[in-house]
Amino acid sequence: MSEDRNLGEIGRAAALTELVGLLESEDSTKDLYRDILRITGTVLGADGAFVLQAQSNGAVHAAWRADGLDALPLQFSKQEEAAISGGSGGSARFLQREMTGLTEQERHLLERLSAENMTVFLTGQEPAQYLCFYSIMQSGRPGGREEADLTLGQSAAIILESILAGRNQRTALADSYMALETVLEQMENGIYVCDMTGKSMLFANRSLRRAFRRELAEDTFGGIAEGGTLKDNGSYEMYHAAGNRWYEIRRMEIRWVSGQPARLYTFYDISDKKVYLNKIEQQVYTDFLTGLYNRMRCERDLEFQLHEAGKTGGKGALLYLDLDDFKHINEGLGHQYGDVLLRAVSHGMQQVRGISHCCYRMSGDEFVIIVPVEWFGEFERILQDIKEIFNRPWFLRDANYYCTMSMGVALFPDAGDNTQELLKKAGIAMNEAKEGGKNRVVYYSERIPSRSGRRLDMEKNMRDASVAGYGEFEVYYQPIVEIDRRDDSVTCLGAEALVRWNSSELGFIPPAEFIPLAEYLGLINPIGNHVLLQACRACKRWNEGGCPEYRVHVNLSVIQLLQPDIVDTIQKAIQETGIRPDHLVLEVTESLAINDLERMKEIITGIRSLGAEIALDDFGTGYSSLSHIREIPFDLIKIDHSFVKDLHKDNYSQAFIRMVTELADTIGVGICVEGVESREQYEIVKDMAIAMLQGYYFDRPMKEELFEEKYAPGKPAAG
């Protein structure tokens, strides 16, 4: 008996080992069932076994028979299924059963099954499965079950449960992967999944495999995913040279379907977007005439080069070029040939090795070239190549023409590490080259005269002063006097309003410096209008304060006078200030009167229709015909101070003044002599019977407050 028990234990141990081995089995589920039933049933001494799944309408998954015959095709009714499962791991009696398709022997066999010879083991999964082992009493096999047998059966049920659970999990995982793979394969964006080290690829979709076929085949793709330029949103922008495509790459950490941590990269093809943006950028940064980059791009690129120089400790150069006498080409051949020349110059500069991508047209005939840090070692060669461009003639309108250039050079970071500062200094050097005789190259240094720098400072401060309301442009007044020949007394008739610029940054700037600049910048009109209003207000105040006949003279520049609304502007000033129109004298230069006689006559007629008077200023300095004086309705002729300077020893000047005086008296026009600075000059002019005078001999231009203090009602002029 003990020997039988030992054999039983050995058999059960061997069976359990064999059952555990089934955990790694890749056999079909049906074969797995049969192996478990065979191994367990053999140890239990069962005649047969089957697996019944709950809620399966009585269908048997698998069956086994000890005699080696094919298992019975069993089908149980719901009542029978309930009776089997009701045992909860013990035994259960069969009720009436429907047995179809059985031989008489098989039917007889099943009818002899009883409650004592059937054991059922339950798995813990859902839906539940029942391992049913039966023995036929007449077979001579023992009908009872030892505790060890029950343990073995329950172990078989547990192993089956584990195997099925694992297989279900793998099936679900495979299904999930297949579903995910199907979705990712259809995406137009490239998808790449790798482990957290970036060395092992887990997945690549069709779009990515097509775009990076070579890199994937050569196992060099891993570096591409992490390459490129990092953007503000955390993504990367990368150019794929092999495919000539641009990609934006976004990375995120995920848990892959297998459960392991992974990195997912999404590749967005932005090539079309790049082409569009490059086209827009080209339009924004490119000069339409020459195809060179413009000032905006120059400033951006220069800032980058300054950064590179600071980072690497290298050097670069900024070249500022201006074509010499380019206006002669425009005026002599026409602007279309000037454009041809500009394009030819631009093309020539782009052919110089090292600077082809660093040439810029700033404005008009001004160009800038940046010599990058990486090419500074060949600076002398680059400079010589640029000079060679201008040493040869340009073929324009069937002939060869020469056009040289003046160049200013500013080395960085020696001359500065600021974009605007460097452009300014290169411009100063260029102006020095131009003023020094043209066709020269000048390097910026602190020893260069500051004429150009001062002009730039004046321009900036003049614009600032204009924005602030022109308050820095003060109106000074120089008295105009009349000689009373009866008692040789001098009486003030009013004053000429003269503009002065007292800059808050640069100090007092002479009119000869700032007026041409104001005309160049287009600011002379608003400045002139400011002076006109201030002068009219002052005269109105004098008239009301005891000097009812004082008149104010206001200069109109050529640019002002040529404005189509000049008459309206003067009328508005008269109405706004309330000055009597005949107390306003507007002085115009002789050059305008002569260069455009018909236009001048029209303008003068319009102004005089308002009631204001017109004075012809600086008379004698131009090339006018005296007949013009009669054609244009002037009220006053002011003889230029150059005829007074050497009046005491220049017979020509004396004769000229006498002639103009007699002519003016004949046509009924007043005469005023400017620039009287000495007693000797005063006496000569007085003897010529000229009553109206102006000059330092009587007084200098002064601020409004001082003028009013000195020339109060009834107070004679100093002299």
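**Close-up views of selected residues**

E308 is buried, at a relative accessible area of 19% (buried means under 20%, exposed over 50% and partly exposed in between, with a 1.4 Å probe and protein chains only). The model is predicted: local features need pLDDT of at least 70, side-chain atom pairs count only at pLDDT 80 or more, and totals for chains, interfaces and linings use all residues. Residues are numbered from 1 along each chain as its sequence is written, and side-chain values use heavy atoms, leaving out hydrogens and water.

**View A. A salt bridge between E308 and K311 within helix α10**. The two side chains meet at 3.1 Å, N to O (a salt bridge is a side-chain nitrogen of Lys or Arg within 4 Å of a carboxyl oxygen of Asp or Glu). Both residues belong to α10, which spans residues 295-312 (helices, H or I of at least four residues, and strands, E of at least two, are DSSP runs numbered from the N terminus). E308 and K311 are three residues apart, about one turn of the helix. Whereas E308 is buried, K311 is exposed, with a relative accessible area of 56%. The structure as a whole holds 32 salt bridges.

**View B. A salt bridge between D322 and K434**. The closest N and O atoms of this pair are 2.5 Å apart. Distant parts of the chain are linked here: D322 is in strand β11 (residues 316-323) and K434 is in helix α14 (residues 419-435), 112 residues apart. D322 counts as buried, at 7% relative accessibility, while K434 is partly exposed, with a relative accessible area of 22%.

**View C. A salt bridge between R541 and E708**. The side chains meet at 3.2 Å, N to O. R541 is partly exposed, at a relative accessible area of 39%. E708 likewise counts as partly exposed, at 29% relative accessibility.

**View D. A salt-bridge network of R353, E378, R381 and D385**.

**View E. L44 and F133, separated in sequence by 89 residues**. In space, their C-alpha atoms are 8.2 Å apart. L44 lies in helix α2, which covers residues 29-44. The residue L44 is buried, its relative accessible area being 4%.
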